[in-house]
Amino acid sequence: MTIDFKAEVEKRREDLLADLFSLLEINSERDDSLADAEHPFGPGPVKALHKFLEIAERDGYPTKNVDNYAGHFEYGDGDEVLGIFAHMDVVPAGSGWHTDPYTPTIKDGKLYARGSSDDKGPTMACYYGLKIIKELGLPISKKVRFVVGTDEESGWADMDYYFEHSGVKEPDFGFSPDAEFPIINGEKGNMTEYLHFAGENSGAARLHTFTGGLRENMVPESATALVSGSLPDLATKLAAFATEYKVAFELVEEDDKYKVTIIGKSAHGASPQSGVNGATYLARFLNQFDFAGPAKDYLAVAGQILFEDHKGEALGVAHTDEKMGALSMNAGVFRFDEVATDNTIALNFRYPKGTSPEEIQAVLKELSVADVTLSEHGHTPHYVPMEDPLVATLLDVYERQTGLHGHEQVIGGGTFGRLLKRGVAYGAMFPGYTDTMHQANEFADVEDLMRAAAIYAEAIYELVK
């Protein structure tokens, strides 16, 4: 039987977009200030989870909500289970948008909204891929379990809870529609180290506060410091710095203090070189003034050692593996307050085989100006060989659908594909795509979503027929 999956997607184009819009209109950012027993990561992620399961129930699937942490629906029967893992949560929208991030807008063929490419757009493309198989009544011999989480962008506590409480066996193999084609069969390790500083000031210049960054896995778009004391020619020097480094700035005087802001560019923490880290640039600018004590140490580490050190070379933790590539580092969250006893810089590392969180921590401790702690949650490097039938099948479908050569890829980003020993990430970005994940004006190309849906339909069918 020959099936034109592209034609089947086209028949469902408007329905796919309508369902996607209903998800994109939900602000599903994690909000711990509103978290409770019914809303473990705040109300937004729960609302998006409910909407997704509502769509699945409408289409006749049996669904299960695991205490608002995650949920799934199933299709088909069989001893083997194909797991599809996606997520409904999104990173904070941040600033710099040309449209409302939660009012999905199509302009010049691009769908703008937070979550359009990470991960609601790819999720619905994959959902419709399975929906086509169901509606055509194609014969299958395995079960499909489609799982959606609500905390992928933070600590993956949703999946920890899901696997412990879902009451179903772990899928035998699977993929996550949360990266790029042709395939992601390797992912670097992912963990965060925290540098800790005291808050005392003793110099002619005084640092009252320094804040930058929303999440560890986002490049800080901007950072703001409140300073006072001896700051000769502050305004002139700030303007010259902004011109030299091609960044925007703001300077406001408040009660004999100055609020200084540097505005860079956000990016995904797995690709820190794609952004402009507003926090390290601000620290670099402030370093020229006469700060002292822990405040000086804080600015020196941020503005001298961490500045544009995307591979950890200045830190002394750089490492490269022949297959998995180089370590990357994102200085993601900065919090300093002179009255606080614990001020931090969060460093998110994507590391290949051949190094470890403990080795990196040992090097960081040699800085001597800061205490160092390691995050509780992390992920070790993950790799599924090219010879695995899962990888071979997915690449074969990609090549048939696109006419392009399929090849393996290893990324620094972490996806739910690594939840399974035989798990990969598959789509939905195509080669040459402009990656706007975790950035302002995030978008998904509408035609690419339709292309992806056809690939998902054929891929799922080939895996479970």
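The following legends describe close-up views of a predicted model.

Local features require pLDDT of at least 70 and side-chain atom pairs pLDDT 80 or more, whereas totals for chains, interfaces and linings use all residues. Residues are numbered from 1 along each chain as its sequence is written, and side-chain values use heavy atoms, with hydrogens and water left out.

**View A. An open, mixed sheet of 3 strands in the order β20-β9-β21.** Strands are DSSP runs of E, at least two residues long, numbered from the N terminus; two of them pair if DSSP finds at least two bridges between them. The edge strands, β20 (382-383) and β21 (410-411), each pair on one side only. Strand β9 (residues 186-187) runs antiparallel to β20 and is joined to β20 by 2 bridges. Glutamate 187 faces histidine 382 of β20.

**View B. The salt bridge between lysine 131 and glutamate 135.** A salt bridge places a side-chain nitrogen of Lys or Arg within 4 Å of a carboxyl oxygen of Asp or Glu. Here the closest N and O atoms are 2.9 Å apart. Both residues belong to helix α4 (residues 120-136; a DSSP run of H or I, at least four residues), and they are 4 residues apart, about one turn of the helix.

**View C. The salt bridge between aspartate 32 and arginine 30.** The closest N and O atoms lie 2.7 Å apart. Aspartate 32 is partly exposed at 48% relative accessibility, and arginine 30 is partly exposed at 27%.

Notes
Buried < 20%, exposed > 50% of the residue type's maximum accessible area, 1.4 Å probe, protein only.
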